[in-house]
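Visitor: Could you walk me through how to read a domain interface and a sheet, giving the criteria as you go?

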Amino acid sequence: MVYLDSAATTKPCKQAADAILNTMEQSFGNASSLHGMGIRSEKVITAAKRTLLGALGEGDIIFTSGATESSNTALLGAAETYRRTGSRIVTTAIEHPSVANTITKLEERGFSAVRLAPKDYPDFEQALADAVDENTVLVTCMAVNNETGFIVDVKRLYRLVKKKNPKTIVHIDAVQGFLKVPLDGDLISISGHKIHSGKGIGALFIKKGIRIAPLLCGGGQQKGLRSGTEPVELIAGLDAAIKAYHGTKEHFAALKARLLAGLSELPGITVNSGDNCLPNIVNFSVEGVRSEIMLHSLEEREIYVSSGSACSRGKTSGVLAAFGVPDKLADSAIRASFCAETTEQDIDALLDGIKAGIERFRR
Ligand code: PLP
C-alpha cells in the first residue's frame with residue numbers, strides 16, 4: 001500500500017495509540033470528578049495543554065472534536081463577543097468549508113465579508129491587511145492551503161493586521177500548518193488527525209486577553225468555553241502525537257523534488273503547487289484524464305491520493321480557481337501529500353501509476 005493522502009488524514013502513530021490505550025486503562029476518570037481518578041485525568045489534560053501552549057504561545061487551549069468545531073467556536077464566538085468592533089470580515093477565497101461556510105453563516109446574521117484570492121495579489125499578506133478597515137471585526141485566513149500547500153506567512157499577517165487595526169481579531173486555520181510553519185493569531189485552530197493522533201480531537205488556541213462566547217451550552221467544562229466531558233484519552237493521544245511528530249521540510253522537499261523531476265518527463269502535466277507551497281503537498285493536473293479516473297486507476301495499484309480540487313459530491317470547490325488554475329485543469333487535478341514515513345519508493349510507485357494511467361486513459 002502506498003498512502004499519499006496525509007493532507008486528508010494521517011495514520012495514528014504508535015505513541016498516540018499507546019497513550020490512548022494507557023489513558024483508557026489507567027486514567028479513565030471524569031476530569032470534573034473531585035476524587036483521585038478525576039484529578040489524574042485533569043493532570044493528563046494539563047500536560048497536553050502545556051505541550052500545545054509550548055508550540056503556540058501564551059494563552060489558553062480548549063480541546064474540541066476537531067478543527068471544524070475549533071473554527072466554528074472561534075469565528076461565531078469572536079463575532080458575538082466583539083460585534084461592537086464592527087461588522088466586516090476579511091477572509092480568503094481558499095478557505096476550507098469549515099471556515100468558509102461559517103463566514104457565510106455570519107453573513108446571514110448581518111456581517112459582511114470580503115474574500116481575497118491569491119491569484120490577484122502577489123503580496124497576499126499585505127493585501128489582506130490592506131482590506132482591513134476600522135469596521136473590521138475579524139480576519140480569518142489559513143496558514144497552509146490543504147489543496148496546494150500554499151503558505152501564508154501568518155506571523156507577518158498578524159503583525160500587519162494589528163498595525164492597521166489593533167481591535168481586529170485574527171483567526172488562523174492552522175490544520176495543515178501546525179508543527180510545519182511558524183504561527184501567530186488571536187485564535188488558532190488545529191486538528192489531531194492531520195498530525196498522527198487519530199480522529200475526533202482538535203484544539204483551539206486562545207491568545208491571552210482574547211475572549212469568545214461559547215458555542216455549546218452544558219456543564220461548563222473547560223472554563224465554560226466548551227461544555228462536555230473532556231475526552232481525556234484522545235487528549236493524551238494528541239499530546240503524544242505532537243511530541244512524536246518528526247516530519248521535516250528537508251524530507252518533504254526531497255520527495256517533492258523527486259516527484260516533480262519524474263512528472264517533468266511525462267507529457268501534459270501542469271504542476272499547481274509552486275515554490276510558495278509547503279513541499280508535503282503536491283497538486284498537479286494530468287491533461288486529458290479526469291481526477292476520479294486517475295484516482296481509481298491508482299487505487300487499483302493500492303496507491304492512495306486525493307482528487308486535487310477538493311470535490312464535494314461532484315462539485316469542485318473553486319479553491320484552485322482562486323489560485324488561477326483553469327477549470328479544465330482543476331478537473332484533472334491530483335493531490336499527493338506526504339508524511340514523515342513517505343519514501344522515495346512511494347514516489348516512484350506514484351510516477352509509474354500516473355504514467356500507466358496516462359497511457360490507458362488519455363483522450
Ligand atoms: N481546515 C483545513 C485546512 C483542513 O484541511 C481540514 C480537514 O481537511 C479542516 C479544516 C477540518 O478539520 P477536521 O477534520 O479536524 O474538522
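**Reading the interface and the sheet**

Guide: Between domain 1 and domain 2 there are six residue pairs in polar contact, both residues at pLDDT 80 or more (a pair of N or O atoms within 3.5 Å, one able to donate a hydrogen and the other to accept it, with residues adjacent in sequence counted only if both atoms are side-chain atoms). This is a predicted model, in which local features need pLDDT of at least 70 and side-chain atom pairs count only at pLDDT 80 or more, while totals for chains, interfaces and linings use all residues. Residues are numbered from 1 along each chain as its sequence is written, and side-chain values use heavy atoms, leaving out hydrogens and water.

Visitor: How much area is buried between domain 1 and domain 2?

Guide: The size of an interface is often given as the accessible area lost when the parts come together. Here about 1600 Å² is buried, 64% of it from carbon and sulfur atoms (accessible area with a 1.4 Å probe, summed over both parts). E147, T148 and K180 supply 42% of the area that domain 1 buries against domain 2, more than any other three residues.

Visitor: Which order do the strands of the open sheet have?

Guide: Strands of a sheet pair through backbone hydrogen bonds, either parallel or antiparallel. In this open sheet of four strands the order is β9-β10-β13-β12, with antiparallel pairing (strands are DSSP runs of E, at least two residues, numbered from the N terminus, and two pair if DSSP finds at least two bridges between them). Because β9 (269-271) and β12 (306-307) each have a single partner strand, one side of each is left without a neighbour in the sheet.

Definitions and conventions: Buried area is the accessible area (1.4 Å probe) that two parts lose on being put together, summed over both.
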